[in-house]
Amino acid sequence: MAKTKFSNLEKKKQELEQELVRIQEDLDKSIDDVKEGVSYSLDPKNIVKKYPLSVVGTSLVIGFLLGRERKSPGSVSRYSRNDSTSAISSELKRILAKKGLSMLLDYLDNKVAELKKEKETNRD
């Protein structure tokens, strides 16, 4: 009798351990799915694809705000040694503009390719 209770307890223990392993695997899978979903939704390429006009508008506003020349009364040049931030902001503005234009052109290329493909399928 005690032996059967002991074997039943061992069996129950193994079942519970297997259940814990299964739950842990499910949790790991769920966490991986959440990580992939977050990284996909926060990927800049996907954001641009989902909201192209908003991104272009926002980049234009940010570019305008960064691009405004701030002249102080005593400044002679934007690239003076005392004002290295203007040189950095100018370079940053140039890089952002180049990247924004590149993304816009890629988006337009994709749209043109989609339209051509759609036109060809309609023709057939």
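Q: Why does Lys-111 count as partly exposed?
A: Its relative accessibility is 35%, and partly exposed covers what lies between buried (under 20% relative accessible area) and exposed (over 50%), with a 1.4 Å probe and protein chains only. Keep in mind that this is a predicted model, where local features need pLDDT of at least 70, side-chain atom pairs count only at pLDDT 80 or more, and totals for chains, interfaces and linings use all residues. Residues are numbered from 1 along each chain as its sequence is written, and side-chain values use heavy atoms, with hydrogens and water left out.

Q: What makes Glu-114 and Lys-111 a salt bridge?
A: Their closest N and O atoms are 3.7 Å apart, and a salt bridge asks for a side-chain nitrogen of Lys or Arg within 4 Å of a carboxyl oxygen of Asp or Glu, so the pair qualifies.

Q: How are Glu-114 and Lys-111 placed in helix H4?
A: They sit 3 residues apart, about one turn of the helix; helices here are DSSP runs (H or I, at least four residues), numbered from the N terminus. Elsewhere, salt bridges with shared partners link Glu-19, Arg-22 and Asp-26 into one network.

Q: Why is Glu-25 called exposed?
A: Glu-25 reaches 51% relative accessibility, so the label exposed applies. Glu-25 belongs to helix H1 (residues 2-41).

How values were computed
Helices (H or I, at least four residues) and strands (E, at least two) are DSSP runs, numbered from the N terminus.
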